[in-house]
Amino acid sequence: MKPARIKNVYELAGVVQGVGFRPSIYRLAHESGLSGWVRNRSGTVRLALEGVPDAVESFMESLPDSLPPNCRIDSIHALSSKSVAADEALHEFRILDSRDDANVEVVIPADLAICPDCRREIAEPGGRRYGYAFTTCTNCGPRYTVVTAMPYDRERTTLSRFPLCEECRREYEDPGDRRFHAESTACPACGPSLTLESISGDRVAGDPLREARRALSEGRIVGVRGIGGFLLAADAFNREALHELRERKRRPHKPFAVMAGNMDILRSICDVPDAAEQVLLSPESPILILDVKLEACGDERLPLDLVTPDSDTLGAMLPTSPLHELLFRPTADDPIPPIELLIMTSGNRRGEPICRTNDEARERIGGVADLLLCHNREINLRNDDSLCVIRRGGPQLWRRARGYAPHPVRLVQRLSRCVLAMGAELKNTVAVGYDDRVVLSPHVGDLDTPEAVQGLAQVAADLPRFLDRRPEAIAVDLHPDMQCTRLGAEMADRDGIPLIGVQHHHAHGVACLAENGRDCGLALTLDGTGLGTDGTIWGAELLDIDVSGFKRLATFAGVPLPGGDAAVVHPVRQVVGRWTSAGVDVPPAWLSKLGVTEEEVSVWSQQCRKGVNAPVTHAAGRLFDSFSALFGFAAATATYDGQSAIRLESAARRANGNQTPDLPFATRETENMFCVDWSDAFRMLAEAGPVEKDRNDWALAVHRAVANACLAMIEYAVSLSPARSVALSGGVLMNGILNDLLVPELEHRGLEVLLHRQVPPNDGGIALGQSVIAGI
Ligand SMILES: [Zn+2]
Ligand SMILES: [Zn+2]
């Protein structure tokens with residue numbers, strides 16, 4: 001016989017804090033007539049339910065489907081169950097204060113895009129938040145960016161200087177309200193406000209939003225302070241504005257992201273498959289890479305040559321904050337009509353992180369923007385927009401920041417110590433790994449400038465502090481000259497803790513395995529650079545990985561890189577390097593085609609032959625550079641990382657596909673290592689003379705040949721290793737064609753393919769692998 005009344009206690013883990021979880025539970029419990037309590041506890045939520053057994057059971061059954069959109073329950077553990085005598089019964093359901101406990105599992109909440117309820121409110125004439133740019137609730141708004149210390153509550157955010165007005169306080173304290181304990185809540189009476197400044201620092205008269213909208217509609221460039229930093233906004237349909245923006249940012253080719261006023265507008269210029277729509281409408285709301293509808297673009301419409309000159313894809317997002325939303329839509333009697341599409345590009349100077357404070361923006365992007373739309377809700381920690389792509393049916397992050405970081409990546413294994421991982425030089429991200437998780441910081445960026453290195457130092461100091469963890473080891477890349485390696489070494493020295501050097505591609509492979517819940521397997525890592533354990537540059541590595549380390553089973557043959565980094569920027573040097581190492585003299589017909597002189601060729605060949613300033617590279621990224629230059633796609637001077645390969649992929653997409661030529665490669669096995677040699681292809685093309693026709697088909701041929709070479713490497717590895725899972729990692733594997741060629745072939749061979757989803761395939765995911773390797 002069932003007892004009349006029971007009390008069950010559960011522990012719920014997942015995304016359950018800072019997302020309106022407890023108020024929802026409260027409402028649901030009331031509706032079901034249950035008593036008990038709910039309390040935040042060490043990053044999990046503890047829930048006690050008391051009532052008749054059937055009611056308690058059906059409550060727990062329907063719970064996962066009854067929660068607000070941002071909550072996610074990963075696990076429910078029943079801790080206890082007992083029958084309750086009538087005189088012990090609780091009479092109400094209560095939300096209890098968070099209890100401090102010694103083993104606090106701190107979860108720093110991520111910033112979330114504006115929710116549908118808040119979007120409705122700011123558009124509701126007469127409502128008290130009508131047109132208010134800082135409207136938030138427990139389901140949306142800034143968190144990570146405004147936190148100054150943990151645990152997360154208003155007193156420890158940059159909003160502490162805005163005491164709540166009476167009405168906001170009432171909402172904040174009412175468990176039935178959407179703003180119950182919404183730590184960043186505010187209203188026009190008590191919260192932050194906007195100002196519009198000219199570049200000379202003068203306040204622009206009139207309503208800041210309205211004047212900013214007017215400026216945008218007139219083709220001017222406005223620096224907009226968003227959730228995690230400044231963005232530069234301009235009307236995407238205005239050629240002159242875009243031209244001006246490219247000039248002022250000194251950014252000739254790198255694609256600009258766009259923000260569309262709504263989904264219909266986005267659909268009119270891009271293909272938006274269902275999987276993409278889900279991601280765009282999610283609380284994380286990243287920039288998503290979409291295919292452009294070419295017929296919708298052109299001189300009259302979107303000037304693609306200025307928005308995304310190198311490819312037919314577009315990075316697009318929807319408004320992520322009330323401020324963005326209000327830039328598009330007029331409120332009250334604003335005469336400026338709705339704006340459809342804005343360029344939203346990082347508000348930074350080249351190589352620097354995006355501007356965070358109003359002062360930084362005045363100093364650094366004052367010359368780029370005509371006006372600055374500032375506000376006084378301070379951003380404590382910078383956070384870029386995340387960047388995502390749909391890969392093989394699911395989202396894959398390319399830049400992990402707003403919305404995703406610093407949510408932890410869960411591991412199947414437990415780390416034996418707390419590790420601070422310093423990441424790599426490009427697309428830097430740091431991480432703190434401990435217990436069964438790794439918490440990655442948002443994207444820090446390339447460490448090219450003192451400002452960027454300073455940004456890294458702040459995050460490396462703050463992240464462990466926020467998590468209340470003291471690192472017991474610091475993991476760094478093997479490359480001694482990386483800024484992050486140097487900083488890590490200094491910190492390890494200062495704190496007297498071990499410094500662990502981790503090989504770059506090992507870290508890539510382990511990152512991909514770990515986020516897929518594995519601790520061993522094969523990993524194919526294709527990227528542009530990374531110091532190998534033999535002193536050469538690796539980057540086309542087939543590694544067999546287990547918890548004790550890795551074996552390098554296959555790679556591409558090493559070739560000289562005349563001038564080192566200069567050959568990456570001027571990829572035609574690499575072609576000369578390839579020919580020199582293949583024993584071919586540069587045929588005269590090629591000289592003018594490649595735009596090089598005999599003297600240059602002679603210098604570069606000498607460098608290669610003598611091994612002077614010509615480091616040996618195995619990297620797949622460099623192979624793509626070489627072919628891109630050879631077929632005339634690469635810019636003479638690359639203006640951003642990965643440009644040559646992006647142009648080659650873009651050309652391959654335009655290939656006709658049924659008459660692809662064959663590019664030969666040779667394979668050999670030496671000392672238990674399988675090696676792919678590309679000399680034959682370069683020799684063949686040297687002799688055939690410059691390619692004039694069907695260049696797009698040749699671009700596709702490169703992709704097919706590389707995919708085939710990778711298959712050969714993997715087949716070799718499978719013949720030696722019992723592993724039947726292959727992780728695909730590295731920046732070159734962001735290439736969509738390569739994925740589409742490789743993945744089905746691998747699956748066809750009975751192998752399980754593991755792709756990056758939660759962390760980027762590029763160096764933005766390195767810190768995850770470093771944490772795991774140094775923490776095991
Ligand atoms: Zn909201
Ligand atoms: Zn208020």
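At 36% relative accessibility, arginine 392 counts as partly exposed, because that class lies between the 20% and 50% limits. In this predicted model, arginine 392 sits in the loop between β14 and β15. Its phi is positive, about 50°, although arginine 392 is not a glycine. Most residues other than glycine have a negative phi, and most peptide bonds are trans.

Alanine 332 is another residue of this kind: its phi is near 50°, a positive value in a residue other than glycine. Alanine 332 belongs to the loop between α10 (322–328) and β12 (341–346), and with 59% relative accessibility it counts as exposed. The peptide bond from alanine 405 to proline 406 is cis, with omega near -5°. Proline 406 is placed in the loop between β15 and β16 (408–410).

| Residue | Relative accessibility | Class |
|---|---|---|
| Arginine 392 | 36% | partly exposed |
| Alanine 332 | 59% | exposed |
| Leucine 711 | 7% | buried |
| Glycine 731 | 27% | partly exposed |

Which residues of helix α8 (residues 274–281) are buried? They are Ala276, Val279 and Leu280. These three cover an arc of only 100° around the axis, which puts them on the same side of α8. The face turned away from that buried side carries the exposed residues Asp274, Gln278 and Leu281. The buried residues of α8 pack against one helix, α7 (263–269), and against the strands β10 (287–291), β11 (313–317), β14 (387–391) and β15 (394–399).

In helix α4 (residues 166–173), the residues Cys168, Glu171 and Tyr172 are buried. Seen down the axis of α4, these buried residues fall within an arc of 100°, so they line one face of the helix. An α-helix has 3.6 residues a turn, so residues three or four places apart point the same way.

Leucine 711 is part of helix α22 (residues 695–720). Leaving aside residues up to four places away in sequence, leucine 711 touches Leu742, Glu745, Leu746 and Arg749. Leucine 711 and arginine 154 are 557 residues apart in sequence, and their C-alpha atoms are 54 Å apart in space.

Glycine 731 is in the loop between β29 (725–729) and α23 (736–748). With residues up to four places away in sequence not counted, glycine 731 touches Leu526, Asp527, Pro761 and Asn762. Glycine 731 and aspartate 763 are 32 residues apart along the chain, with 7.1 Å between their C-alpha atoms.

The last part concerns the protein chain as a whole. Its secondary structure comes to 24 helices and 30 strands. The C-alpha atoms fill a box of roughly 95 × 65 × 55 Å along the principal axes. How does the radius of gyration fit, and what would a compact globule of 776 residues have? Such a globule would have a value near 28 Å, and the protein chain has 28 Å, which agrees.

Buried residues make up 61% of the 776 residues. Of the contacts with a separation of 6 or more, 73% are between residues 24 or more positions apart. The protein chain exposes about 30,200 Å², and carbon and sulfur atoms supply 47% of this area. There are 83 positive and 105 negative side chains, and the centres of the two sets lie 2 Å apart.

Key:
Residues numbered from 1 in each chain as written. Chains lettered and ligands numbered in written order. Predicted model: local features only at pLDDT ≥ 70, side-chain atom pairs only at ≥ 80, totals over all residues. Heavy atoms only, no water. Buried < 20%, exposed > 50% of the residue type's maximum accessible area, 1.4 Å probe, protein only. Helix = DSSP H or I, 4+ residues; strand = E, 2+ residues; numbered from the N terminus. Arc of directions from axis to C-beta. Contact = heavy atoms within 4.5 Å. Rg over C-alpha atoms; globule rule 2.2 N^0.38 Å. Areas by Shrake-Rupley, 256 points an atom, 1.4 Å probe, with all protein chains shown as cover. Lys, Arg positive; Asp, Glu negative; His and termini not counted. Charge placed at Lys NZ, Arg CZ, Asp CG, Glu CD.
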